[in-house]
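Please look over the model below before reading on. The numbered points that follow are meant to be checked against it.

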Amino acid sequence: MSGEDKMPLPPDVRADADQLAADFETVGKAIANTQVAKNPADGVPGWIGDSADAYTGSIQKLGVHARSLAESFAPAVSALRTWAENVGVMISATVPDLWARYDQIESNYTHNIADLEAEVDARRQEGQTIPEHQVQERQKALAELRDTEQAGVLSEYKQAMDGLDDVAQEAANTVRATQDSVVDPSKKGSRDEVGSSLFDDMPVVDGQAEWERIQKIAPGRCQVVEATSSFWKASRGVR
């Protein structure tokens with residue numbers, strides 16, 4: 001079997017990894033270029049009082065959130081592109097080089113066997129007696145040398161692929177950490193839960209997000225409350 005048969009290329013995920021990195025980067029830039037991120041509000045002209053202060057405070061906090069959120073995607077972008085670059089090196093250089101070395105070892109073995117056979121024929125034609133076991137021993141030694149050298153190449157291949165797996169895992173961990181840094185993992189069930197998590201420290205904005213989330217979950221909760229109320233009334237004989 002050739003080196004290419006023994007050492008397959010890793011899946012070419014470069015396009016997907018680069019696209020995901022580009023998507024993260026696009027989102028980060030879009031957030032960074034929003035008005036609230038670029039131009040924090042100092043207040044609304046003509047509007048004063050507690051409500052105005054609460055509104056302005058929330059908008060200023062929103063600006064802080066937006067700028068932080070825009071920056072939070074950078075680690076994921078970098079990790080994904082590093083993974084794509086490593087995959088590219090493996091596909092274009094590392095593995096093909098290992099193929100060539102593996103096949104060259106096989107070629108060297110073939111030439112060495114041919115040289116041995118030519119030597120044996122020449123000596124026999126000169127009338128020399130060469131015991132067959134000696135020929136077999138030399139053939140065996142050449143085969144063992146080939147196997148040892150090829151095993152070394154295969155070991156390098158495994159190490160390289162393990163290293164690539166580590167880079168892939170690091171990219172996955174970084175993407176997950178990026179997601180978790182933006183939204184609490186326990187609040188990823190819906191858009192409203194995400195909004196509630198993002199704006200938790202902003203009374204005005206968070207109040208709206210919480211209200212929208214409650215509107216979504218309220219019908220189910222009401223059913224539970226009504227069922228519980230009916231049970232307790234029945235148990236107490238209340239109609």
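**Notes on the predicted model**

1. Thr174 sits in helix H6. Helices (H or I, at least four residues) and strands (E, at least two) are DSSP runs, numbered from the N terminus. At 14% relative accessibility, Thr174 counts as buried, where buried means under 20% relative accessible area, exposed over 50%, and partly exposed in between (1.4 Å probe, protein chains only). Leaving out residues up to four places away in sequence, Thr174 touches Pro75, Ala76 and Ala79; a contact means heavy atoms within 4.5 Å.

2. On provenance, this is a predicted model, in which local features need pLDDT of at least 70 and side-chain atom pairs count only at pLDDT 80 or more, while totals for chains, interfaces and linings use all residues. Residues are numbered from 1 along each chain as its sequence is written, and side-chain values use heavy atoms, with hydrogens and water left out.

3. The protein chain has eight helices and zero strands, and its elements run α-α-α-α-α-α-α-α from the N terminus on. Of the 239 residues in the protein chain, 25% are buried. Among contacts between residues at least 6 apart in sequence, 73% join residues at least 24 apart.

4. How far does H5 reach from its first C-alpha to its last? The span is 75 Å for 52 residues, close to the 76 Å expected at 1.5 Å a residue; the expected span of a helix is 1.5 Å times one less than its number of residues. Just after H5, Gly127 has a positive phi of about 95 degrees.

5. The largest nonpolar core has 14 residues, and Met7, Met90, Val95, Leu98, Val153 and Tyr157 touch the most other members. A nonpolar core is a set of buried Ala, Val, Leu, Ile, Met, Phe, Trp, Tyr and Cys residues joined through side-chain atoms within 4.5 Å. H5 and H6 are the elements that give two or more residues to this core, and H5 gives the most, with eight residues. Apart from this core lies another, of twelve residues, among them Ala37, Ala66, Ala70 and Phe73.

6. Not counting residues up to four places away in sequence, Met7 touches Val95, Leu98, Trp99, Tyr102, Val153, Leu154 and Tyr157.

7. The structure holds nine salt bridges, each defined as a side-chain nitrogen of Lys or Arg within 4 Å of a carboxyl oxygen of Asp or Glu. Side chains of opposite charge can pair when their charged atoms come close. One of the pairs is Arg123 with Glu119, whose closest N and O atoms are 3.4 Å apart. Both residues lie in helix H5 (residues 74-125), four residues apart, about one turn of the helix. Arg123 is partly exposed at 29% relative accessible area, and Glu119 is partly exposed at 31%.

8. Which parts does the salt bridge between Arg138 and Glu119 tie together? The two side chains meet at 3.0 Å, N to O. Arg138 lies in helix H6 (residues 132-182) and Glu119 in helix H5, so the pair ties together parts that are 19 residues apart in sequence. Arg138 is partly exposed, with a relative accessible area of 39%. Beyond residues up to four places away in sequence, Arg138 touches Leu116, Glu119 and Arg123. Arg138 and Leu116 are 22 residues apart in sequence and 8.1 Å apart in space, C-alpha to C-alpha.

9. A further salt bridge joins Asp162 and Lys158 (2.9 Å, N to O). Asp162 and Lys158 are four residues apart in helix H6, a separation of about one helical turn. An α-helix has 3.6 residues a turn, so residues three or four places apart point the same way. Asp162 is partly exposed at 33% relative accessible area, whereas Lys158 counts as exposed at 52%.

10. Glu106, Arg146 and Asp147 are linked in a network of salt bridges.
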